Amino acid sequence: MSDAASIRHTPAQKAVLAALQQHRQPLSAQVLHSAMRPQHSIGLATVYRSLDALQKSGLIQHRITLEGTTLYSLVRHDRHCMTCLHCGQSFPINTCPVADLEAQLQHSNQFKIYYHTLEFFGLCESCSVQNE
Ligand SMILES: [Zn+2]
Ligand SMILES: [Zn+2]
């Protein structure tokens, strides 16, 4: 998995990411472009180029509607797991216990959250049996 913090984005790519995060729903490049226009003077071609680059870095995904419109949205990289300190195995947690917290943080702080990681450390079942 790539470390998102180490990825360098152009200002246009950052603006596209921020706009997608703000809308929280899939958007077409045209809608995205007009939504960004009040703050950013970015041409539609640059929006397309940024979308393409972001898609290649795995941050966004697209789907095509029945009408043939391409809609872009953020890929969520949320990860929740329990990791055993003894054998190193990770066990995924399939529900998100912090979805409400994330929404709350995003509201009360001027911080756009793209994804989160939640990891619990301890001993898995087979390792705790061995340790007894
Ligand atoms: Zn273990
Ligand atoms: Zn979560």
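Analyst: Happy to; what follows goes from the metal site to the helices and then the strands. This is a predicted model, in which local features need pLDDT of at least 70, side-chain atom pairs count only at pLDDT 80 or more, and totals for chains, interfaces and linings use all residues. Residues are numbered from 1 along each chain as its sequence is written, chains are lettered from A and ligands numbered from 1 in the order in which they are written, and side-chain values use heavy atoms, with hydrogens and water left out.

User: What makes a residue a protein donor of the zinc ion (ligand 2), and which ones are they?

Analyst: A donor is an N, O or S atom within 2.8 Å of the metal (3.2 Å for Na, K and Ca). H80 (NE2), C96 (SG) and H116 (NE2) lie 1.9 to 2.1 Å from the zinc ion, so they qualify as donors. Their spacing in sequence is H-x15-C-x19-H. H80 sits in strand β4 (residues 79–84) and H116 in the loop between α4 (99–108) and β6 (117–122), 36 residues apart, so the pair links distant parts of the chain. Water is not among the atoms, so sites may look incomplete.

User: How do you know how α1 is oriented against α3?

Analyst: Helices here are DSSP runs of H or I with at least four residues, and strands are runs of E with at least two. Helix α1 (residues 11–23) and helix α3 (residues 44–56) pack at about 80°, their axes 9 Å apart. Angles of 65 to 115 degrees count as roughly perpendicular, so α1 is roughly perpendicular to α3. The contact residues divide into seven nonpolar, three polar and no charged.

User: What makes β2 and β3 a pair?

Analyst: Two strands pair if DSSP finds at least two bridges between them. Five bridges join β2 (residues 60–64) to β3 (residues 70–74), so they count as paired, and they run antiparallel. R63 has L71 as its bridge partner in β3. The two strands form a hairpin with five residues between them, and G68 in the turn has a positive phi of about 90°.

Methods
Axes are lines fitted to C-alpha atoms, for helices over the stretch in contact, and angles run from 0 to 180 degrees between N-to-C directions. Angles under 35 degrees count as roughly parallel, over 145 as roughly antiparallel, 65 to 115 as roughly perpendicular and the rest as oblique. Ala, Val, Leu, Ile, Met, Phe, Trp, Tyr, Cys and Pro count as nonpolar, Asp, Glu, Lys and Arg as charged, and the others, Gly among them, as polar.
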